[in-house]
Amino acid sequence: MVNASKHSLLAQDVTRIFTNQFGSELLVLDKVSLSVKGSEIVGIVGPSGCGKSTFLRLVAGLDKQQGGTLLYDGAPVTGPHYDRGLVFQSAALFDWLTVYENIAFGLKARKVFKGQENKVSEYIEMMGLGGFEKSYPYQISGGMASRAALARTFIQDPGLVLLDEPLSALDAFTRMAIQEEIIRMHRLKGAIYLLVTHDIEEAIYLCDRVIIMSPRPGRIIGEIIIDLPHPRDRVDDAFIVKRRDVFDRLSGVVTEELTMEEVQYPMRV
Ligand SMILES: Nc1ncnc2c1ncn2[C@@H]1O[C@H](COP(=O)(O)OP(=O)(O)OP(=O)(O)O)[C@@H](O)[C@H]1O
Ligand SMILES: [Mg+2]
């Protein structure tokens with residue numbers, strides 16, 4: 001049972017155009033509209049360069065759209081806020097800070113760290129980083145860096161968690177282990193999660209629905225509801241059918257019927 005959340009995100013006709021130094025324009029997001037409420041986990045998949053990270057940066061308040069509106073809890077997004085936490089494509093830990101200091105960073109920046117030392121230790125344990133508190137980012141593995149980056153965001157109890165391919169650099173087993181942590185964290189705290197990923201299996205394993213974006217300019221061209229019960233079985237037929245649905249929508253291929261052979265030999269992108 002997921003903890004309830006009353007948060008909401010509403011994107012309406014969000015358009016982002018980048019202009020280069022010669023004045024030519026690149027339409028990256030074209031009227032992207034999306035409404036997410038409660039404790040939904042929404043996956044965003046689409047070809048490289050279609051504007052997924054751009055969209056997350058807008059929602060995080062790190063960039064500004066030229067057209068359309070972006071409302072979080074009914075109010076326009078005007079800048080970054082700890083209640084909208086972003087975990088970047090690369091773990092992006094602060095190199096000069098230890099694991100402990102990285103995780104405590106946001107609380108310290110908000111001047112609410114005092115008395116929260118236990119909370120930092122709790123997140124360190126929860127994310128399997130016990131014993132590495134004093135290590136610097138170069139002294140830990142990629143999986144640990146990802147865990148630390150997630151802990152650094154989760155510790156702020158954001159109502160909206162923006163995950164931009166947080167696990168893409170990891171091997172399959174580490175990725176699966178951290179996916180479980182993400183589910184656990186979501187159950188515990190309840191928040192909206194937007195997850196950008198190139199891994200269709202990951203999207204189906206974690207998400208309540210998956211949004212499909214077109215190549216640039218990024219538009220939402222489809223949505224697949226993942227109404228499978230948790231814990232999900234990555235190799236059962238229902239899961240693989242969903243995988244195929246997402247794959248087909250992504251590749252623009254519509255298959256007439258899924259044969260058993262296709263079910264047993266699912267494709268990857
Ligand atoms: N600050 C910027 N200035 C100019 N162009 C930009 C800027 N940020 C992104 N772009 C362009 O916007 C497009 C979308 O980039 P974005 O990083 O959002 O794609 P993406 O969908 O996240 O791709 P990937 O899957 O490879 O991470 C790209 O063509 C990129 O070159
Ligand atoms: Mg990206």
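Select C50 to begin: with a relative accessible area of 1%, C50 is buried (under 20% relative accessible area; over 50% is exposed and in between is partly exposed, with a 1.4 Å probe and protein chains only). This is a predicted model, where local features need pLDDT of at least 70, side-chain atom pairs count only at pLDDT 80 or more, and totals for chains, interfaces and linings use all residues. Residues are numbered from 1 along each chain as its sequence is written, chains are lettered from A and ligands numbered from 1 in the order in which they are written, and side-chain values use heavy atoms, leaving out hydrogens and water.

A disulfide needs a pair of cysteine sulfur atoms within 2.5 Å, and the count comes to 0 disulfides.

Now select residues 142-154, helix α4, and residues 172-189, helix α5 (helices are DSSP runs of H or I, at least four residues, numbered from the N terminus). They pack at about 15°, axes 10 Å apart, the axes being lines fitted to C-alpha atoms over the stretch in contact and the angle running from 0 to 180 degrees between N-to-C directions. That makes α4 roughly parallel to α5 (angles under 35 degrees).

Show side chains where they touch (heavy atoms within 4.5 Å): G143, S146, R147, L150 and F154 on α4 meet T174, A177, I178, E181, I182 and M185 on α5.

Terms used:
Helix = DSSP H or I, 4+ residues; strand = E, 2+ residues; numbered from the N terminus. Parallel < 35°, antiparallel > 145°, perpendicular 65-115°, else oblique.
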